[in-house]
Structures are given as C-alpha cells and as structure tokens.
Amino acid sequence: MTLAWADLSGDGPSASPPLFAAALPSIQEWETQEKPALRVAFEKDVYGAMPDGSSTEVLDHRVVDAAAFGGKGVLEEYRIAASATFDGVTRTTKPFYVDVLLPKDAGRPSPVILMETFCPRWDTIPVAGVTRGENAYSCNGDGMMSGVMHYVFGRYIATPPIEMILASGYGVVAIFPGEAVPDSKEDGLKALADLAAGHEDQKTRWGAIGAWGWLFSRVVDVLETDDRVDQAGLITWGHSRYGKAALVAAAWDPRIDAVVAHQSGTGGASLNRHKKGESVGDITREYPHWFSARYAEMAGREEALSVDQHELLALIAPRPVLLGNARRDVWSDPNGAFRAAEAASAAYELYGSKGLDQQRLDKFNPQADLSFWIRPGTHGVVKEDWPAFLEFLDAHFGRGES
Ligand code: GCU
C-alpha cells in the first residue's frame with residue numbers, strides 16, 4: 001500500500017485534536033493532576049497497568065573490552081534481574097544482559113542512547129566477548145536472510161553507526177527486550193502474566209509495549225549510579241515496536257531526558273482516531289501480547305478511547321522528542337504522528353517551548369523540542385536516519401550545549 005506524497009501534508013483528514021479542552025492548566029495542575037490522570041487512562045485503555053513498585057538487581061558486572069572500537073570506547077556488560085510489584089505481589093524477570101559502551105576518556109559525563117532493538121545485543125554492539133543468548137542467532141550472519149533483512153530494512157537495522165555515535169560523544173546501551181519479556185504471543189503473554197501475577201483484572205493487565213518501556217527504566221536504575229553517565233542525557237531510542245516502548249518509557253519516567261522514536265506508528269506516536277495505515281484492530285489481532293486486552297476491545301470504537309496518542313507525547317513535554325518517519329511507510333502513518341505532534345505542542349508551550357516548529361512534514365527542524373523527520377523510502381533504519389538522529393541530539397545535548 002502506498003500513499004501519495006501529496007497526501008502527506010500537515011492537514012490530515014481531520015484537524016489535530018485539541019490537547020486542552022478548555023482553559024490552559026497551570027504547570028502545577030498539569031504536573032500534579034492532569035498528567036497522573038492521563039497515565040491512568042493510558043494504562044486502562046491502551047498499555048495496561050504499570051507496576052506499583054519496581055526494583056533492579058545487578059547480578060554481575062564486568063568489563064568486556066577496555067579499548068573497544070580502536071580504543072574509542074569502554075565496553076561493559078551487566079547481568080540484571082528486574083522486579084515488578086502489582087497489588088503487593090512481587091515477581092522478577094529472568095536475568096538478562098545489558099551492554100554499555102561509553103566514550104573513552106570523554107573528560108565529562110557522556111549522554112547515552114539506550115537502544116531496544118530487533119536484532120540481538122551482539123549485533124547492536126558487535127564486539128567479541130559480548131555474552132550471547134541461548135539462541136545465539138545474528139542478523140549480521142552470512143546467510144541470505146541477513147542480506148534480505150539489510151536490503152529491506154536498511155543498512156542500520158542491526159548495527160547502528162557506532163563509530164559515528166562515539167565520535168559525537170554519546171554512549172550506546174544495548175538492550176534486547178526479548179531476553180526479559182519475549183516478543184511472542186505464547187511466551188510473551190506467559191512472561192507478562194507471571195510478572196503481573198498480583199494484577200487481577202485481566203482486561204487491564206500490561207502488554208509487552210508497557211513492559212518494554214518499564215525495562216528501559218530498569219536499565220536507568222543501573223546507569224544512574226554511574227558517574228561517567230550524564231544524568232541529564234539519558235535518551236531512549238527505538239524503532240517501530242521499540243519506538244512505541246521508548247515513548248512509553250519517557251512518558252512514565254521523568255529521569256529519561258529525550259526520545260528518538262523512529263516509525264513508532266500505532267500505539268506509539270500516531271493518533272488512534274481517523275487513522276490511516278495500521279488500525280487498532282490490525283495491531284491487536286496480530287500482536288495480542290503488546291497491549292492491554294481492553295485496547296483490542298476498543299477496535300472500531302476508537303472515538304470512545306479515553307486518550308489518544310498526542311497525549312502520550314504531551315506526557316513527555318518539554319523534553320526533546322524526535323519522531324522519525326518515511327514517506328512510503330504508510331503502515332506507521334506519518335500523517336497521524338505529525339498531527340499528534342501538532343496537538344502535543346500545547347503541553348510544550350506550557351513550559352515556554354514551541355514544541356513542533358515546522359509547518360510541513362518535510363521541513364525538519366532538529367533544534368525544535370518536538371521534531372519530525374521524514375525521508376523517502378519505507379520502513380527501516382537507513383543511511384540518512386542516523387545523521388538526522390544525531391543532528392537532533394546534538395542540537396539538544398551536543399558538546400556546545402550545557
Ligand atoms: C509490524 C506492526 C507495527 C510495528 C512493526 C515493527 O509492522 O504492525 O505496529 O511497529 O511491526 O515493529 O516493525
């Protein structure tokens with residue numbers, strides 16, 4: 001399915017939904033009343049309930065390579081177990097690994113990009129010595145599948161341009177979410193049900209998108225004790241399903257300072273109402289483990305949802321958010337994401353920021369706190385994407401800034 005470029009103007013089939021129905025709230029009202037109420041509404045209607053409490057245990061921590069990438073980086077690995085408490089019942093994930101690559105001798109704490117990825121950690125940071133999972137497949141193998149995958153989903157689908165990222169002063173944190181909460185109907189639903197054993201209402205039990213968002217926060221628990229990490233520079237990054245999770249993480253966790261959500265689509269940055277591309281019915285049928293059962297029930301009745309996705313972006317304001325898109329990636333509905341960003345800008349304005357500062361989808365403004373990037377092509381992470389991501393991050397966290 002393709003959508004003509006002309007259809008991707010800022011004026012979609014309906015105007016952007018207003019964020020604030022009546023008078024603007026004060027920042028205090030917004031922070032103490034409206035934001036908590038919005039989170040409750042998202043938990044009820046979309047993502048399912050988040051834990052009442054959480055904790056993170058480091059089981060093991062070692063240096064993998066003190067001079068990785070030609071001496072430019074220090075690579076360390078953690079083995080972690082994360083616990084969630086629902087209604088007084090605490091359950092723990094199976095242990096999972098996180099690889100942390102920091103610029104060497106940065107001379108100051110480094111901002112870090114926490115990445116949840118489709119391909120395993122050992123593809124994200126391809127250094128010998130990174131612990132491989134039981135099922136040690138690689139998206140970078142010699143086989144035909146690897147070639148096809150890179151051809152279809154782009155040069156950077158498995159491995160980001162690590163040297164470019166390190167040279168720009170950022171660390172990379174590799175998380176392979178399936179190690180803790182599998183991305184599959186059977187095993188995923190089982191792991192989610194087990195972690196949320198104390199949550200009785202099955203209709204509002206959390207889905208994997210919420211749990212993967214929560215996972216970002218558990219990794220932040222570990223990074224916040226590391227003084228080599230800039231605690232004002234914790235950036236969540238995700239493509240597609242993990243772009244949804246990267247947004248959820250920041251919307252629930254104020255410690256996260258910025259988000260790069262690439263092609264996050266339905267259940268991410270794109271509006272549910274009047275949507276093009278993937279519908280709520282499509283996504284909940286194909287991925288019943290991603291959201292609360294109630295979101296599936298609302299398919300075809302999106303008007304009756306108590307929230308829409310511009311409110312997810314609003315929960316992150318005024319922190320910087322980049323929404324990545326592609327013209328022919330109609331499934332993830334760039335137009336719906338643009339309209340969500342337009343509407344969410346009202347929350348940025350409360351804090352004196354402009355939010356989205358572009359009239360058209362193709363007028364990328366990396367300086368804006370809510371920025372929209374669109375390029376030709378389809379779904380994937382391609383050559384042009386990382387330079388755009390870094391341009392956006394440099395505008396907000398670059399060496400020239402403090
Ligand atoms: C499917 C799904 C999307 C998702 C995408 C991805 O296409 O329908 O919602 O974003 O997978 O994660 O690549």
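Biologist: Where does Ala326 sit?

Modeller: Ala326 is in strand β9. Helices (H or I, at least four residues) and strands (E, at least two) are DSSP runs, numbered from the N terminus. One note on the source: this is a predicted model, and its residues are numbered from 1 along each chain as the sequence is written. Local features need pLDDT of at least 70, side-chain atom pairs count only at pLDDT 80 or more, totals for chains, interfaces and linings use all residues, and side-chain values use heavy atoms, with hydrogens and water left out.

Biologist: Thanks! Is Ala326 buried or exposed?

Modeller: Ala326 is buried, because its relative accessible area is 0%. Buried means under 20%, exposed means over 50%, and partly exposed is in between, using a 1.4 Å probe and protein chains only.

Biologist: And which residues is Ala326 in contact with, leaving aside neighbours within four places in sequence?

Modeller: Those are Gln263, Pro334, Ile374, Arg375, Pro376, Gly377 and Thr378, where contact means heavy atoms within 4.5 Å. As for Phe372, it is 46 residues from Ala326 in sequence, with 11 Å between the C-alpha atoms.

Biologist: Gln263 is on that list. What is its phi?

Modeller: Near 55 degrees, which is a positive value in a residue other than glycine. Gln263 belongs to the loop between β8 and α9, and it counts as buried because its relative accessible area is 0%.

Biologist: Which other residue has a positive phi?

Modeller: Phe69 is one of them, with phi near 50 degrees. Phe69 belongs to helix α2, residues 68-71.

Biologist: What about cis peptide bonds, where is one?

Modeller: The bond from Ala317 to Pro318 is cis, with omega near 0 degrees. Pro318 falls in the loop that runs between α11 (310-316) and β9 (321-326).

Biologist: Let's switch to the ligand. Which residues surround the ligand?

Modeller: Phe118, Ser240, Arg241, Lys244, Glu278, Ile283, Tyr287, Trp290, Trp331 and His379 do. A residue is included if one of its heavy atoms lies within 4 Å of the molecule.

Biologist: How far is the side chain of Ser240 from an oxygen atom of the ligand?

Modeller: An N or O atom in the Ser240 side chain is 2.5 Å from a ligand oxygen. For Arg241, the corresponding distance to a ligand oxygen is 2.6 Å. His379 also has a polar side-chain atom 3.1 Å from an oxygen atom of the ligand. A polar contact is a pair of N or O atoms within 3.5 Å; within protein, one must be able to donate a hydrogen and the other to accept it, and residues adjacent in sequence count only if both atoms are side-chain atoms.

Biologist: How much of the ligand does the protein bury?

Modeller: The protein buries 87% of the 320 Å² that the ligand exposes when taken alone. Accessible areas come from the Shrake-Rupley method with a 1.4 Å probe, and for residues only the protein chains shown count as cover.

Biologist: Which pocket is that space?

Modeller: The ligand takes up the second largest pocket. On a 1 Å grid over the protein atoms alone, a pocket is an open set of points with protein on both sides within 12 Å along at least five of seven lines. A molecule sits in one if more than half of its atoms lie within 2 Å of its grid points.

Biologist: Glu278 was in that ligand list. Which side chain reaches the backbone oxygen of Glu278?

Modeller: That of Lys275, at 2.9 Å. The Lys275 side chain also has a polar contact of 3.1 Å with the side chain of Thr266. Lys275 is in the loop between β8 (258-262) and α9 (280-286), and it counts as buried because its relative accessible area is 18%. Not counting residues up to four places away in sequence, Lys275 touches Thr266, Ser270 and Asp333.

Biologist: What does Gly336 touch, with that sequence exclusion?

Modeller: Gly336 touches Ala269, Ser270 and Leu271. The C-alpha atoms of Gly336 and Ser270 are 4.6 Å apart, although 66 residues separate them along the chain. Gly336 is in helix α12, and it counts as buried because its relative accessibility is 0%.

Biologist: Last one: which side chain does Thr92 join in a polar contact?

Modeller: The side chain of Ser83, at 2.8 Å. Thr92 is in strand β3, residues 89-92, and it is partly exposed because its relative accessible area is 40%.

Key. 1 Å grid on protein atoms, 1.4 Å probe; cavity = no way out; pocket = protein on both sides within 12 Å on 5 of 7 lines; lining within 4 Å.
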